[in-house]
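Work through the exercises below with the model open. Each task is followed by a stepwise solution.

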Amino acid sequence: MIETFLETIQNLWQQSAFCNITWQQGVMLLISFFLMYLAIVKQYEPMLMLPIAFGMALTNLPGAELYHPEYFMGTSIPYATVLHDGGVLDVLYLGVKCGIFPPLIFLGIGCMTDFGPLIANPKSFFLGAAAQGGIFFTFLGACGLSALGIVSALSGEHDFTLAEAASIAIIGGADGPTAIWLTSKLAPDMLGSIAVAAYSYMALVPVIQPPIMRALTTKKERKIKMGMLRSVSKTEKIIFPIAVTVIVAFIVPSAAPLVGMLMLGNLFKESGVVDRLVKTASGELMNIIVIMLGTTVGATATAANFLSIRTILVVVLGLIAFCVGTACGVLLAKLMNKLSGGTINPLIGSAGVSAVPMAARVSQKVGQEEDPSNFLLMHAMGPNVAGVIGSAVAAGALMAIFG
């Protein structure tokens, strides 16, 4: 009897994580704890950073069997196997892999977004487009590093493919759901590292952008006051999402899932006749999707995929993409200021990245540091929401080319 009891205890011990954990899994658990700290204490994008960090912890627990990356390695998903033998995170990850969760996030964002400043000042579209320059600059940079064999030399693994380079570059759009959507299609093995990098830089917008903005503008330019925006009619606000959806879908059909759901949410909001749908899409539904999306994306950050030189390169290239995107927006705004005779404050160009509304608030803050009576927020919101559309279109274009 005693021997049986001791054997049972021994078997339980041998099956426990204490006996089966690897040092790589231990490091990943520590990284997940650090990300939880950033989300809870520092409040770095906590809505998604916290579930991502906890999902990272769950997937690296030995023996938990919550997520099996091998199910999603091939070109086709073994749905029957996932549903029958998979863990809970395997099943939830189907929502990411099938491209369901990110568009639903965009639906909620559309319900909370006011496109009035963009409609009132259509030139903001150019600033939103310019800020996507970081995406394409970094794509070329990642391709260049791979062409020279630098990635393989540093990491001992294969160089970035074109699809992986595109997934890294999309970090420059500063749009987490877009980065997740594109990466889940083009480079699912890199989803964890790219998602962490994207949301980290979104959270660090107030830290990263101001030095770039100050370096590229003069004190005089930062003091420029812009006139009041014209009022936008309800009819314009209703027509706008319909027109944008049709135009974008005709030009870049692969961007329709993101742009279409974004504009559907905005149409719900501006129509004024479906308040219950607006409340659900921007509230309960979005919160549920955020939980499932964040946790499953974090689950893809297994030790084998995350602990590598390639991950460090992803983080560095993502930072370059974000910085270049910010700089491109500011530089185009400077040019527009010259052409307009000095009526446009170049600071609003930095808001062309799609971190809404944080990037617009940073433009306002930096402007008020020079002149407390200067109010740039509404002017910066135009490029900011244009950046949301721009990053989705850029992702659609990359998907069409490399998908």
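**Exercise 1.** Which helices each supply at least two residues of the nonpolar patch?

Solution. First, the ground rules. This is a predicted model, where local features need pLDDT of at least 70, side-chain atom pairs count only at pLDDT 80 or more, and totals for chains, interfaces and linings use all residues. Residues are numbered from 1 along each chain as its sequence is written, and side-chain values use heavy atoms, with hydrogens and water left out.

Step 1: list the members. F137, L148, I150, L154, I309, I312, V316 and I320 make a nonpolar surface patch of about 730 Å². Patch residues have over 30% relative accessible area (Shrake-Rupley, 1.4 Å probe) and no salt bridge, and nonpolar side chains are joined within 5 Å.

Step 2: assign them. α11 (150-155) and α22 each supply at least two residues. I150 is in α11. The largest share, four residues, comes from α22. Helices here are DSSP runs (H or I, at least four residues), numbered from the N terminus.

**Exercise 2.** Describe how α14 packs on α22.

Solution. Step 1: geometry. Helix α14 (residues 191-203) and helix α22 (residues 309-339) pack at about 35 degrees, with axes 10 Å apart. The axes are lines fitted to C-alpha atoms over the stretch in contact, and angles run from 0 to 180 degrees between N-to-C directions.

Step 2: handedness. The crossing is right-handed, that is, the near helix is turned clockwise from the far one by less than a right angle.

Step 3: contacts (heavy atoms within 4.5 Å). From α14 come S193, I194, A197 and Y201; α22 answers with T311, V314, V315, V316, G318, L319 and F322. By class, this contact has eight nonpolar, three polar and no charged residues. Gly counts as polar in this scheme.

**Exercise 3.** Which residue forms a salt bridge with E370, and which parts does the pair tie together?

Solution. Step 1: the partner is K219, with the closest N and O atoms 2.8 Å apart. The criterion is a side-chain nitrogen of Lys or Arg within 4 Å of a carboxyl oxygen of Asp or Glu.

Step 2: E370 lies in helix α23 (residues 358-370) and K219 in helix α16 (residues 219-222), so the pair ties together parts 151 residues apart in sequence. The structure holds ten salt bridges.

**Exercise 4.** Where is P357, and what kind of peptide bond joins V356 and P357?

Solution. Step 1: P357 sits in the loop between α22 and α23. Step 2: the bond is cis, with omega about -10 degrees.

How values were computed:
Patch = residues over 30% accessible without salt bridge, like charges linked within 9 Å, V, L, I, M, F, W, Y side chains within 5 Å.
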